[in-house]
Amino acid sequence: MPSTITAEKAALRASVKEFYNTGIDRRKSDHLLLERFLSLPQVEAALSLLLFYGTGTEPDTGALLEPLLALGKTVALPRCLPGRRMEARVYRGKEHLTPGPFGIPEPDMTCPILARDAAALILVPNLLCDRRGYRLGQGGGYYDRYLAGFQGFTVALCRDALLRDEIPTQPHDVPVQLVVTETRSLSPDRAERSGAFAPLPM
Ligand SMILES: Nc1nc2c(c(=O)[nH]1)N(C=O)[C@@H](CNc1ccc(C(=O)N[C@@H](CCC(=O)O)C(=O)O)cc1)CN2
Ligand SMILES: Nc1ncnc2c1ncn2[C@@H]1O[C@H](COP(=O)(O)OP(=O)(O)OP(=O)(O)O)[C@@H](O)[C@H]1O
């Protein structure tokens, strides 16, 4: 029997589908999200980044590839592996993208693997996020597995209309360090998130 939280996550995923059925100005929202992402200091500083190739209702993050390459950065995309695992492979141009198991363009086998910890920053896909940095994904657990133990910086793009105060979480869920919306960047305080007291500044 599915746990209550699994059922709650499924209901949230259905509400996101409904949200997109009501028709929103995705072009404007995407533009603002991508602009804010490109101007993050952590993006400017990162030499290697793992992005994702946005499809469906996701922000059009494929549009980030060329601008980041033009800045001399190494940009990688996920490639699905058996067992709901994934690896990062370096983006070498559109001609080296091939549809993966979900129809999402993935780097082909000629593209070198980028070791997980060689990425300074990972842009994590999501259907929605909460203010603590927790995200609801497609339900495969790919990113929860990949991010477990990742030491670099993690960012999620979340439309303002989809940002929640608190979504249900499970022990394997890994929150991101920064949630970027069209209008702001939320950097949840780790101490606050864990319920511990933050030390007072001296
Ligand atoms: N753009 C993008 N790339 C990504 C992810 C992602 O969320 N977005 N992933 C993040 O994990 C991995 C792929 N995982 C995915 C898991 C499920 C579905 C999907 O479309 N699911 C269907 C239902 C599938 C089913 O029948 O169970 C759906 O939502 O309609 C897509 C990607 C790696 N690449
Ligand atoms: N680190 C992990 N090790 C083993 N199983 C995991 C891990 N993380 C997640 N899972 C499993 O993956 C399944 C999907 O988890 P969940 O619904 O949280 O995925 P998601 O975060 O929405 O997806 P994604 O990470 O692909 O965006 C669950 O059954 C969960 O138990």
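Student: What makes Tyr20, Thr57 and Glu58 lining residues of the largest cavity?

Tutor: A lining residue has an atom within 4 Å of one of the cavity's grid points. In this predicted model, the residues that pass that test are Tyr20, Thr57, Glu58, Pro59, Asn126, Leu127, Leu157, Cys158, Arg159 and Leu162. Residues are numbered from 1 along each chain as written, while chains are lettered from A and ligands numbered from 1 in the order written. Local features need pLDDT of at least 70, side-chain atom pairs count only at pLDDT 80 or more, totals for chains, interfaces and linings use all residues, and side-chain values use heavy atoms, without hydrogens or water.

Student: Why is a space called a cavity rather than a pocket?

Tutor: Rolling a probe the size of a water molecule over the atoms shows where empty space is left. On a 1 Å grid over the protein atoms alone, a cavity is a set of points where a 1.4 Å probe fits but cannot get out, whereas a pocket is an open set with protein on both sides within 12 Å along at least five of seven lines. The structure holds 1 cavity of 30 Å³ or more, and the largest cavity has a volume of about 60 Å³. A volume is the space filled by probe spheres set on the points, which are joined across faces, edges and corners.

Student: How do you know which residues are around ligand 1?

Tutor: Each has a heavy atom within 4 Å of the ligand. The list is Phe52, Tyr53, Glu58, Pro78, Cys80, Phe102, Ile104, Pro125, Gln138, Tyr142 and Tyr143. By class, this shell holds 9 nonpolar, 1 polar and 1 charged residues. Ala, Val, Leu, Ile, Met, Phe, Trp, Tyr, Cys and Pro count as nonpolar, Asp, Glu, Lys and Arg as charged, and the others, Gly among them, as polar.

Student: What makes the pair between Glu58 and ligand 1 a polar contact?

Tutor: A polar side-chain atom of Glu58 lies 2.7 Å from a nitrogen atom of ligand 1. A polar contact is a pair of N or O atoms within 3.5 Å, so this pair qualifies. A polar backbone atom of Tyr53 is 2.8 Å from a nitrogen atom of ligand 1, and the side chain of Gln138 has an N or O atom 3.2 Å from an oxygen atom of the ligand.

Student: Where does ligand 2 sit, and how do you know?

Tutor: Ligand 2 sits in the largest pocket, because more than half of its atoms lie within 2 Å of the pocket's grid points. That pocket has a volume of about 900 Å³. Its lining has 39 residues, with Gly137, Gln138, Gly139, Gly140 and Tyr142 nearest its centre.

Student: Which element gives the largest share of the lining of the largest pocket?

Tutor: That is H1, with 7 residues. Helices (H or I, at least four residues) and strands (E, at least two) are DSSP runs, numbered from the N terminus.

Note on methods: Polar contact = N/O pair within 3.5 Å; in protein donor to acceptor, adjacent residues only side chain to side chain.
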